[in-house]
Amino acid sequence: MLMKTGLCLLLFLPFALQAQLLRPGDANNDGRVDHLDVLAIGLSFGQEGPPREPPFQGIDWMLKPFELWPGGLPGTMVNYGFSDCDGDGLVTVEDVEALQMNYDSTHMDSQPPPLPWTPPDTAFLSALPRLVFTFDPDTATVQDTLYLHIFYEHPFGLPLEDSPLGVAFTLEFDETLVKDSLTVVFFPDTVSDLLFAAGATGFADARAVPPGMVEYGAAGKGQPALTFSRPLGVVRFIIEDIIVRPDTFWTDFKVDVAKPVMINAKEQIMQFGVLVDDVVLFQELSAVPPPPAPLSVRVYPSPVLDVLHMESTESPLARVRIFDVFGKRVVDREMQGQRQVDLSATSWPPGFYWVNMLGENGRFAVQNLVKL
Ligand SMILES: [Ca+2]
Ligand SMILES: [Ca+2]
(Lines give C-alpha, C1' and ligand atoms only; values in the text may rest on other atoms or scores of the structure.)
(Ligands and ions follow the chains in the order given, each with its own letter.)
Protein backbone atom coordinates (compact mmCIF):
# COMPACT_ATOMS: atom_id res chain seq x y z
CA MET A 1 0.00 0.00 0.00
CA LEU A 2 2.82 2.38 0.95
CA MET A 3 4.65 1.59 -2.25
CA LYS A 4 1.59 2.36 -4.32
CA THR A 5 1.26 5.85 -2.74
CA GLY A 6 4.92 6.51 -3.42
CA LEU A 7 4.47 5.60 -7.06
CA CYS A 8 1.49 7.94 -7.41
CA LEU A 9 3.52 10.79 -5.96
CA LEU A 10 6.34 10.13 -8.39
CA LEU A 11 3.93 10.15 -11.29
CA PHE A 12 2.19 13.38 -10.35
CA LEU A 13 5.12 15.39 -9.05
CA PRO A 14 6.58 16.36 -12.48
CA PHE A 15 3.20 17.76 -13.56
CA ALA A 16 2.84 19.79 -10.36
CA LEU A 17 6.29 21.29 -10.91
CA GLN A 18 5.42 22.43 -14.44
CA ALA A 19 3.84 25.67 -13.20
CA GLN A 20 1.58 27.72 -15.44
CA LEU A 21 2.47 31.41 -15.35
CA LEU A 22 0.50 34.54 -16.19
CA ARG A 23 0.80 38.33 -16.10
CA PRO A 24 -2.32 39.99 -14.60
CA GLY A 25 -4.33 41.79 -17.29
CA ASP A 26 -3.21 39.83 -20.34
CA ALA A 27 -6.49 37.89 -20.34
CA ASN A 28 -6.12 36.61 -23.92
CA ASN A 29 -2.43 35.74 -23.34
CA ASP A 30 -1.18 37.48 -26.49
CA GLY A 31 1.71 39.24 -24.76
CA ARG A 32 0.16 42.71 -24.29
CA VAL A 33 -2.41 44.19 -21.90
CA ASP A 34 -4.86 46.19 -23.94
CA HIS A 35 -8.45 46.84 -25.05
CA LEU A 36 -8.71 43.34 -26.59
CA ASP A 37 -8.35 41.70 -23.18
CA VAL A 38 -11.78 43.00 -22.16
CA LEU A 39 -13.22 40.67 -24.83
CA ALA A 40 -11.52 37.66 -23.18
CA ILE A 41 -12.83 38.70 -19.75
CA GLY A 42 -16.32 39.16 -21.27
CA LEU A 43 -16.18 35.66 -22.76
CA SER A 44 -14.91 34.16 -19.46
CA PHE A 45 -17.25 36.17 -17.25
CA GLY A 46 -18.70 34.15 -14.35
CA GLN A 47 -16.33 31.20 -14.87
CA GLU A 48 -14.87 29.61 -11.74
CA GLY A 49 -11.61 27.75 -11.27
CA PRO A 50 -8.78 27.15 -8.83
CA PRO A 51 -7.76 30.41 -7.14
CA ARG A 52 -4.06 31.31 -7.13
CA GLU A 53 -2.01 30.58 -4.00
CA PRO A 54 -2.14 33.58 -1.59
CA PRO A 55 1.28 35.13 -2.31
CA PHE A 56 0.43 35.14 -6.02
CA GLN A 57 -2.99 36.80 -5.89
CA GLY A 58 -3.39 40.46 -6.80
CA ILE A 59 -3.04 42.41 -10.03
CA ASP A 60 0.49 43.81 -9.72
CA TRP A 61 2.69 43.23 -12.79
CA MET A 62 4.46 40.13 -11.46
CA LEU A 63 4.70 36.72 -13.00
CA LYS A 64 2.01 34.68 -11.20
CA PRO A 65 2.06 30.86 -11.02
CA PHE A 66 -1.44 29.43 -11.44
CA GLU A 67 -3.22 26.15 -12.03
CA LEU A 68 -4.92 25.65 -15.42
CA TRP A 69 -8.72 25.97 -15.26
CA PRO A 70 -10.93 23.19 -16.66
CA GLY A 71 -11.94 25.20 -19.76
CA GLY A 72 -11.00 27.99 -22.10
CA LEU A 73 -12.32 30.61 -24.52
CA PRO A 74 -14.72 28.92 -26.97
CA GLY A 75 -12.83 29.81 -30.18
CA THR A 76 -9.15 30.21 -29.37
CA MET A 77 -9.13 27.87 -26.33
CA VAL A 78 -7.04 30.35 -24.29
CA ASN A 79 -7.39 29.03 -20.73
CA TYR A 80 -10.01 30.78 -18.57
CA GLY A 81 -7.39 31.09 -15.82
CA PHE A 82 -5.77 34.01 -17.73
CA SER A 83 -9.00 36.03 -17.36
CA ASP A 84 -8.96 35.68 -13.56
CA CYS A 85 -6.53 38.58 -13.36
CA ASP A 86 -6.72 39.00 -9.57
CA GLY A 87 -6.50 35.25 -8.90
CA ASP A 88 -9.54 34.90 -6.62
CA GLY A 89 -10.94 31.92 -8.57
CA LEU A 90 -13.81 33.79 -10.25
CA VAL A 91 -13.96 36.02 -13.35
CA THR A 92 -15.74 39.24 -12.37
CA VAL A 93 -15.76 43.02 -12.94
CA GLU A 94 -12.79 43.32 -10.54
CA ASP A 95 -10.55 41.52 -13.03
CA VAL A 96 -10.91 44.45 -15.47
CA GLU A 97 -8.96 46.61 -12.96
CA ALA A 98 -5.80 44.74 -13.96
CA LEU A 99 -6.25 46.02 -17.53
CA GLN A 100 -6.43 49.57 -16.26
CA MET A 101 -3.45 49.18 -13.94
CA ASN A 102 -1.17 47.34 -16.40
CA TYR A 103 -2.40 48.86 -19.67
CA ASP A 104 0.10 48.64 -22.55
CA SER A 105 2.47 46.40 -20.57
CA THR A 106 4.03 43.64 -22.65
CA HIS A 107 5.73 40.36 -21.77
CA MET A 108 6.89 37.09 -23.29
CA ASP A 109 7.15 34.96 -20.17
CA SER A 110 3.72 33.42 -19.60
CA GLN A 111 3.30 29.64 -19.57
CA PRO A 112 1.75 28.42 -21.92
CA PRO A 113 3.66 31.07 -23.92
CA PRO A 114 1.82 34.07 -25.44
CA LEU A 115 0.33 33.62 -28.91
CA PRO A 116 -1.32 36.12 -31.29
CA TRP A 117 -5.07 36.23 -30.63
CA THR A 118 -6.72 34.89 -33.81
CA PRO A 119 -10.36 33.91 -33.33
CA PRO A 120 -12.11 31.98 -36.12
CA ASP A 121 -14.51 33.68 -38.56
CA THR A 122 -18.30 33.35 -38.52
CA ALA A 123 -20.43 32.42 -41.46
CA PHE A 124 -21.82 35.28 -43.52
CA LEU A 125 -24.48 37.39 -41.79
CA SER A 126 -27.46 38.58 -43.76
CA ALA A 127 -27.92 41.65 -41.58
CA LEU A 128 -24.76 43.54 -40.60
CA PRO A 129 -24.33 45.49 -37.36
CA ARG A 130 -22.70 48.89 -37.69
CA LEU A 131 -20.52 51.22 -35.62
CA VAL A 132 -21.27 54.88 -36.24
CA PHE A 133 -18.85 57.65 -35.20
CA THR A 134 -20.19 61.21 -35.14
CA PHE A 135 -18.46 64.45 -34.22
CA ASP A 136 -20.13 67.04 -32.06
CA PRO A 137 -19.78 69.84 -33.11
CA ASP A 138 -18.94 69.13 -36.75
CA THR A 139 -16.58 72.05 -37.02
CA ALA A 140 -14.09 73.17 -34.42
CA THR A 141 -11.73 76.01 -33.72
CA VAL A 142 -8.49 76.23 -31.85
CA GLN A 143 -8.82 75.54 -28.12
CA ASP A 144 -12.16 73.89 -28.82
CA THR A 145 -13.39 70.68 -27.34
CA LEU A 146 -14.50 68.10 -29.83
CA TYR A 147 -16.57 65.04 -28.92
CA LEU A 148 -16.61 61.85 -30.97
CA HIS A 149 -19.70 59.78 -30.17
CA ILE A 150 -19.48 56.01 -30.60
CA PHE A 151 -22.79 54.38 -31.39
CA TYR A 152 -23.66 50.72 -31.99
CA GLU A 153 -26.41 50.23 -34.58
CA HIS A 154 -28.17 46.87 -34.36
CA PRO A 155 -29.51 45.46 -37.63
CA PHE A 156 -33.10 44.39 -37.92
CA GLY A 157 -33.56 40.61 -37.86
CA LEU A 158 -30.26 39.51 -36.30
CA PRO A 159 -31.10 36.67 -33.85
CA LEU A 160 -30.11 37.17 -30.21
CA GLU A 161 -27.66 34.24 -30.20
CA ASP A 162 -25.81 35.66 -33.25
CA SER A 163 -25.60 39.17 -31.76
CA PRO A 164 -22.22 40.61 -30.83
CA LEU A 165 -20.79 39.93 -27.37
CA GLY A 166 -18.21 42.66 -27.75
CA VAL A 167 -16.36 45.06 -30.00
CA ALA A 168 -12.87 46.56 -30.10
CA PHE A 169 -11.07 49.01 -32.39
CA THR A 170 -8.25 51.54 -32.61
CA LEU A 171 -8.80 55.17 -33.61
CA GLU A 172 -5.92 56.76 -35.49
CA PHE A 173 -5.61 60.50 -36.06
CA ASP A 174 -3.07 63.25 -36.69
CA GLU A 175 -1.62 63.88 -33.22
CA THR A 176 -0.36 67.34 -34.18
CA LEU A 177 -3.95 68.60 -34.34
CA VAL A 178 -4.98 67.68 -30.80
CA LYS A 179 -3.49 67.98 -27.32
CA ASP A 180 -2.92 64.25 -27.18
CA SER A 181 -2.36 63.88 -23.44
CA LEU A 182 -5.82 65.36 -22.81
CA THR A 183 -7.70 62.87 -25.00
CA VAL A 184 -10.21 61.11 -22.74
CA VAL A 185 -12.61 58.21 -23.31
CA PHE A 186 -15.89 58.39 -21.39
CA PHE A 187 -17.92 55.20 -21.07
CA PRO A 188 -21.72 55.40 -20.86
CA ASP A 189 -23.01 56.08 -17.35
CA THR A 190 -25.33 53.65 -15.57
CA VAL A 191 -24.51 50.75 -17.87
CA SER A 192 -24.19 47.52 -15.91
CA ASP A 193 -24.23 44.88 -18.65
CA LEU A 194 -20.96 45.91 -20.35
CA LEU A 195 -17.27 45.83 -19.41
CA PHE A 196 -15.02 48.54 -20.87
CA ALA A 197 -11.34 49.14 -21.52
CA ALA A 198 -9.56 51.94 -23.32
CA GLY A 199 -6.06 53.05 -24.16
CA ALA A 200 -6.43 56.75 -23.35
CA THR A 201 -6.69 59.05 -20.34
CA GLY A 202 -9.66 58.08 -18.22
CA PHE A 203 -8.89 54.38 -18.25
CA ALA A 204 -5.24 53.59 -18.86
CA ASP A 205 -3.81 54.98 -15.62
CA ALA A 206 -0.31 53.64 -15.70
CA ARG A 207 0.66 54.23 -19.29
CA ALA A 208 -0.63 56.15 -22.26
CA VAL A 209 -0.72 54.57 -25.71
CA PRO A 210 1.53 56.12 -28.39
CA PRO A 211 0.37 59.58 -29.58
CA GLY A 212 -2.28 59.79 -32.28
CA MET A 213 -4.29 56.77 -31.19
CA VAL A 214 -7.08 55.66 -28.91
CA GLU A 215 -7.83 51.99 -28.26
CA TYR A 216 -11.34 50.97 -27.20
CA GLY A 217 -13.01 47.72 -26.16
CA ALA A 218 -16.44 46.80 -24.76
CA ALA A 219 -17.82 43.36 -23.93
CA GLY A 220 -20.93 41.78 -22.45
CA LYS A 221 -20.69 39.77 -19.25
CA GLY A 222 -20.59 36.23 -20.60
CA GLN A 223 -23.38 36.89 -23.09
CA PRO A 224 -24.20 39.09 -26.10
CA ALA A 225 -24.73 42.67 -24.90
CA LEU A 226 -24.99 44.35 -28.29
CA THR A 227 -28.55 43.19 -28.91
CA PHE A 228 -30.05 46.65 -29.50
CA SER A 229 -28.84 50.01 -30.83
CA ARG A 230 -27.01 51.87 -28.06
CA PRO A 231 -24.32 54.46 -27.32
CA LEU A 232 -20.91 52.98 -26.43
CA GLY A 233 -19.06 56.06 -25.26
CA VAL A 234 -17.53 59.38 -26.18
CA VAL A 235 -13.96 60.39 -26.99
CA ARG A 236 -13.07 63.96 -26.03
CA PHE A 237 -10.36 65.73 -28.03
CA ILE A 238 -8.90 69.16 -27.24
CA ILE A 239 -7.82 70.96 -30.40
CA GLU A 240 -4.19 72.04 -30.57
CA ASP A 241 -3.14 75.60 -31.38
CA ILE A 242 -2.31 75.24 -35.02
CA ILE A 243 -1.35 77.84 -37.53
CA VAL A 244 -4.11 77.63 -40.10
CA ARG A 245 -5.12 80.72 -42.00
CA PRO A 246 -8.89 80.78 -42.58
CA ASP A 247 -8.55 82.73 -45.79
CA THR A 248 -6.02 80.36 -47.24
CA PHE A 249 -6.17 76.84 -45.85
CA TRP A 250 -8.31 74.51 -43.95
CA THR A 251 -7.40 71.24 -42.37
CA ASP A 252 -9.44 68.09 -42.07
CA PHE A 253 -9.34 66.27 -38.78
CA LYS A 254 -9.88 62.69 -39.87
CA VAL A 255 -10.25 59.70 -37.61
CA ASP A 256 -9.51 56.31 -39.08
CA VAL A 257 -10.96 53.22 -37.46
CA ALA A 258 -8.18 50.64 -37.53
CA LYS A 259 -8.22 46.95 -36.58
CA PRO A 260 -11.97 46.75 -35.86
CA VAL A 261 -13.03 43.48 -34.22
CA MET A 262 -16.51 42.29 -33.32
CA ILE A 263 -17.05 38.87 -31.76
CA ASN A 264 -20.05 36.76 -30.82
CA ALA A 265 -20.45 34.59 -27.72
CA LYS A 266 -18.66 31.71 -29.51
CA GLU A 267 -15.59 33.93 -29.93
CA GLN A 268 -16.06 34.08 -33.68
CA ILE A 269 -15.18 37.20 -35.69
CA MET A 270 -18.30 38.92 -37.07
CA GLN A 271 -18.57 41.17 -40.09
CA PHE A 272 -19.76 44.71 -39.43
CA GLY A 273 -19.89 48.15 -41.00
CA VAL A 274 -18.16 51.34 -39.86
CA LEU A 275 -19.32 54.88 -40.59
CA VAL A 276 -17.15 57.86 -39.59
CA ASP A 277 -17.83 61.60 -39.73
CA ASP A 278 -15.21 64.08 -40.91
CA VAL A 279 -14.62 67.28 -39.06
CA VAL A 280 -13.10 70.42 -40.46
CA LEU A 281 -10.77 72.36 -38.22
CA PHE A 282 -10.14 75.98 -38.85
CA GLN A 283 -9.12 79.02 -36.92
CA GLU A 284 -11.69 81.78 -36.70
CA LEU A 285 -10.51 85.14 -37.89
CA SER A 286 -11.77 86.85 -34.74
CA ALA A 287 -9.70 84.51 -32.59
CA VAL A 288 -6.46 85.37 -34.36
CA PRO A 289 -4.33 88.28 -33.20
CA PRO A 290 -3.49 90.77 -35.96
CA PRO A 291 -1.04 89.04 -38.27
CA PRO A 292 2.60 90.15 -38.08
CA ALA A 293 4.28 91.57 -41.16
CA PRO A 294 4.86 88.74 -43.62
CA LEU A 295 8.18 86.98 -43.90
CA SER A 296 10.24 88.35 -46.73
CA VAL A 297 10.77 85.53 -49.24
CA ARG A 298 11.49 84.73 -52.88
CA VAL A 299 9.77 81.83 -54.62
CA TYR A 300 10.72 81.26 -58.27
CA PRO A 301 10.21 80.53 -61.07
CA SER A 302 6.44 80.76 -61.54
CA PRO A 303 5.26 79.13 -63.66
CA VAL A 304 7.51 76.28 -62.58
CA LEU A 305 8.28 73.19 -64.62
CA ASP A 306 10.80 71.12 -62.67
CA VAL A 307 12.77 72.74 -59.83
CA LEU A 308 11.25 75.30 -57.46
CA HIS A 309 13.63 77.62 -55.59
CA MET A 310 12.60 79.19 -52.30
CA GLU A 311 14.58 81.49 -50.08
CA SER A 312 13.99 83.59 -47.02
CA THR A 313 16.02 86.77 -46.91
CA GLU A 314 15.35 87.78 -43.30
CA SER A 315 15.14 84.63 -41.13
CA PRO A 316 16.18 80.97 -41.28
CA LEU A 317 13.25 78.73 -42.23
CA ALA A 318 11.40 76.49 -39.74
CA ARG A 319 8.86 74.85 -42.03
CA VAL A 320 7.77 74.84 -45.67
CA ARG A 321 4.38 73.60 -46.79
CA ILE A 322 2.79 73.56 -50.24
CA PHE A 323 -0.92 72.99 -50.87
CA ASP A 324 -2.89 72.50 -54.06
CA VAL A 325 -6.09 74.47 -54.75
CA PHE A 326 -8.15 71.84 -52.99
CA GLY A 327 -6.23 72.31 -49.74
CA LYS A 328 -4.34 69.02 -50.10
CA ARG A 329 -0.78 69.17 -48.75
CA VAL A 330 1.77 68.15 -51.41
CA VAL A 331 4.86 69.19 -49.43
CA ASP A 332 5.40 69.46 -45.68
CA ARG A 333 9.03 69.83 -44.67
CA GLU A 334 10.52 70.73 -41.28
CA MET A 335 13.62 72.85 -41.94
CA GLN A 336 16.86 72.81 -39.98
CA GLY A 337 17.33 76.54 -40.13
CA GLN A 338 18.33 76.78 -43.80
CA ARG A 339 17.53 80.01 -45.58
CA GLN A 340 16.91 78.36 -48.93
CA VAL A 341 15.53 75.14 -50.34
CA ASP A 342 15.13 73.65 -53.81
CA LEU A 343 12.26 71.25 -54.45
CA SER A 344 11.51 69.02 -57.40
CA ALA A 345 8.07 69.85 -58.79
CA THR A 346 8.11 67.36 -61.65
CA SER A 347 5.57 64.99 -60.06
CA TRP A 348 2.98 67.69 -59.22
CA PRO A 349 -0.06 67.89 -61.49
CA PRO A 350 -0.32 71.21 -63.41
CA GLY A 351 -2.35 73.87 -61.62
CA PHE A 352 -2.30 76.53 -58.91
CA TYR A 353 -0.47 75.99 -55.61
CA TRP A 354 0.01 77.88 -52.35
CA VAL A 355 3.43 78.00 -50.73
CA ASN A 356 3.46 78.56 -46.97
CA MET A 357 6.90 79.37 -45.49
CA LEU A 358 7.37 79.77 -41.74
CA GLY A 359 10.50 81.55 -40.47
CA GLU A 360 12.21 80.75 -37.19
CA ASN A 361 11.25 84.29 -36.15
CA GLY A 362 7.56 83.21 -36.16
CA ARG A 363 6.62 85.22 -39.24
CA PHE A 364 5.33 83.50 -42.30
CA ALA A 365 4.70 84.10 -45.96
CA VAL A 366 2.08 82.80 -48.35
CA GLN A 367 2.81 82.90 -52.08
CA ASN A 368 0.89 81.50 -54.98
CA LEU A 369 2.46 79.56 -57.74
CA VAL A 370 1.60 77.99 -61.06
CA LYS A 371 2.87 74.56 -62.10
CA LEU A 372 2.95 73.83 -65.83
CA1 LIG B 1 -3.69 40.72 -24.29
CA1 LIG C 1 -11.13 37.27 -10.36
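Mentor: Five strands make up an open sheet with mixed pairing, in the order β7-β10-β5-β3-β13. Keep in mind that this is a predicted model.

Trainee: Which strands are the edge strands here?

Mentor: They are β7 (184–186) and β13 (273–276). Each of them pairs on one side only.

Trainee: By how many degrees are neighbouring strands of this sheet turned against each other, on average?

Mentor: The average is 20°, with direction ignored.

Trainee: What holds strands of a sheet together as pairs?

Mentor: Strands pair through backbone hydrogen bonds, and the pairing is either parallel or antiparallel. Now take a case. Strand β3 covers residues 130–136, and strand β5 covers residues 145–153. The two pair in the antiparallel sense, over seven bridges.

Trainee: Which residue in β5 stands opposite D136?

Mentor: Y147 does. Find D136 in the structure, then look across to Y147 in β5.

Trainee: Let's turn to the other sheet. What is the order of the open sheet of three strands?

Mentor: The order is β15-β16-β19, and the pairing is antiparallel.

Trainee: Why is one side of β15 and of β19 left without a neighbour in the sheet?

Mentor: Because β15 (297–300) and β19 (340–344) stand at the edges, each with a single partner strand. From one strand to the next, the twist averages 10°.

Trainee: How many bridges join β15 and β16?

Mentor: Four bridges, in the antiparallel sense. Strand β16 spans residues 307–312. For a landmark, pick Y300: it stands opposite H309 in β16.

How values were computed. Residues numbered from 1 in each chain as written. Chains lettered and ligands numbered in written order. Predicted model: local features only at pLDDT ≥ 70, side-chain atom pairs only at ≥ 80, totals over all residues. Heavy atoms only, no water. Pairing = 2+ DSSP bridges. Axes fitted to C-alpha atoms, helices over the stretch in contact; angles between N-to-C directions.
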